[in-house]
Structure formats: C-alpha cells, structure tokens
Amino acid sequence: MRYGRAIRAAALLGVLVWAAGCSDGDDDARGSSAPPTVSTPATTGTPSSSSSKPAYYDNDDNVLMAKGDCYGPPRSDEQGHAVEMSCDDPDAIGKVLKRVEKKTTVYTYIDCSDSTDDVLGISGDPGWEVAGSRDYLEYVAGVGYACVRNLKAPHPGEPGQGGMEIRVGDCLEASDTGDKYEEVPCDGDVLPDVKVIGQPDLDNNCPRKDDTQLTEESILNVSGLGGGPVYCARAYAEL
C-alpha cells in the first residue's frame, strides 16, 4: 500500500546522531564520501561510550537500516535516536521491513506496507549515514527512509490504532474549525469524530452524500503532498 502521510513535519531541531549497520543483500553497498562533521560513522557500529556492551556488527554490506535489521534506542541520553542491534537484544524495539533509497524532502510520498508502524528517515553521505524519527527535521530530508514495525505490541500502524498512515478503519478527530482531521485511536481517550470507511468510486463520489471526503490537504500533520489517496469518512456516531 502506498502511504500518503508518513512524514510528520516537526518543529524540533537539533543534531541527531545514529550508529549504523548494514544490508541483507537486497541493498547495494554505496561508495563513501567526506563525512559530515556532526555524524558518527555508520560503519563502525560503535555504541555510546556510556555502554559496557560490545559494538554490534552484521553482514549486510555496510548499509544502514537494511531490510531485516533491528534497532533500538541509543545507549546514552540522546533522545530520538536509535542504533542497529541484534533482534534478540532486550533493548531492540523494531525491525526494518523495507529500506527505500530515494532522495526525500518534506513533500516525499512514502511507500510502505500496511504492517508498518513507523518510518525512520535516513540522511548523511554514503558510508556515513545516520537515521532517526521523521518527527525531527534532521531526518525529514535525506537519502532514503526505512519502513519499520515494532517487535512487540502495540502496533500503531494497524487500522484503528491511531498511528502511522491514514487508511480504511482509522478514526479521526476534527480540528476546531472542522475542516482538518487528525488520527486518534478508535478506542482511545478521545472520542473520534469520523471513521474512514473506504475510497470514492470512479466518479469520485462517496457512498453517502453526507460522508466526508478526505484528501492530504484535510489531514493534519501530513506531508508527502501530491499523489496521496482520497478517502471517505463517516460520522462516528452514525456507525
């Protein structure tokens, strides 16, 4: 499934540093170039100096966040970061379902599967790449992205769970003006205003005249403009 949302434009700025890993054979290793002065080499796999654990290495051709790689938080107080680590490491929190090597901006249309819980941005030079949450501007624009799934529940990317992409089965809360919508869990603390029930027909009509037609312009905190799906949503109280 193609994703029309996937990048949350963030207001947080800062230098985000990642330790890196490699590819599983699906991704080709890339040539190196001069590293950014703020980044730690992705090929070293060296954890924070505050960690007593040994560095983690795998055999996927020096590509960061390759398909099948697992990752977790940094072994220091760096917020919003993660490092590659063994999938059976107790600190591992997610696994890469797909790595896309595509120059990205805040307008990039993201293509991830329905089982995706989050998207990690990848930036930096080949061989010196860093990765991180796309809630941080540091990782919105870069050289690619990774579609990831949590190793354990919860899975916010599943329909109705309040996270990742807007899709059929998701619930939305209307803004104060009533013309913008933001995803919320269907069974969360906030009572949803509408629920996504499907997509328009070939004539661009929803099943009922009073259904709300949602586009990327009507969904809050969404980037990737241009080419996203259009959905039909119905008042939650009428379901």
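Apart from its neighbours within four places in sequence, Ser-218 is in contact (heavy atoms within 4.5 Å) with Asp-179, Lys-180, Tyr-181 and Gln-213. Ser-218 has its place in the loop between β12 and β13, where strands (E, at least two residues) and helices (H or I, at least four residues) are DSSP runs numbered from the N terminus. With a relative accessible area of 10%, Ser-218 is buried, a term that stands for under 20% relative accessible area, whereas exposed means over 50% and partly exposed lies in between (1.4 Å probe, protein chains only). From Ser-218 to Gly-178 the C-alpha distance is 9.6 Å, although 40 residues separate the two in sequence.

This is a predicted model, in which local features need pLDDT of at least 70 and side-chain atom pairs count only at pLDDT 80 or more, while totals for chains, interfaces and linings use all residues. Residues are numbered from 1 along each chain as its sequence is written, and side-chain values use heavy atoms, with hydrogens and water left out.

Between β12 and β13 (residues 231-235) the antiparallel pairing runs over three bridges, and Leu-214 stands opposite Tyr-231 in β13.

The structure holds four disulfides, a disulfide being a pair of cysteine sulfur atoms within 2.5 Å. With bonded cysteines counted along the chain, their pattern is 1-2, 3-4, 5-6, 7-8. Three of them are listed here.

| Disulfide | Sulfur-sulfur distance | Torsion about S-S | Hand |
|---|---|---|---|
| Cys-70 and Cys-87 | 1.9 Å | 90° | right-handed |
| Cys-171 and Cys-186 | 2.1 Å | about 100° | right-handed |
| Cys-206 and Cys-232 | 2.0 Å | -90° | left-handed |

Because Cys-206 lies in the loop between β11 and β12 and Cys-232 in strand β13, this pair ties together parts that are 26 residues apart in sequence, and both cysteines are buried. Cys-171 and Cys-186 are likewise buried. In the remaining listed pair, Cys-70 counts as buried at 2% relative accessibility, whereas Cys-87 counts as partly exposed at 38%.

Notes
Two strands pair if DSSP finds at least two bridges between them.
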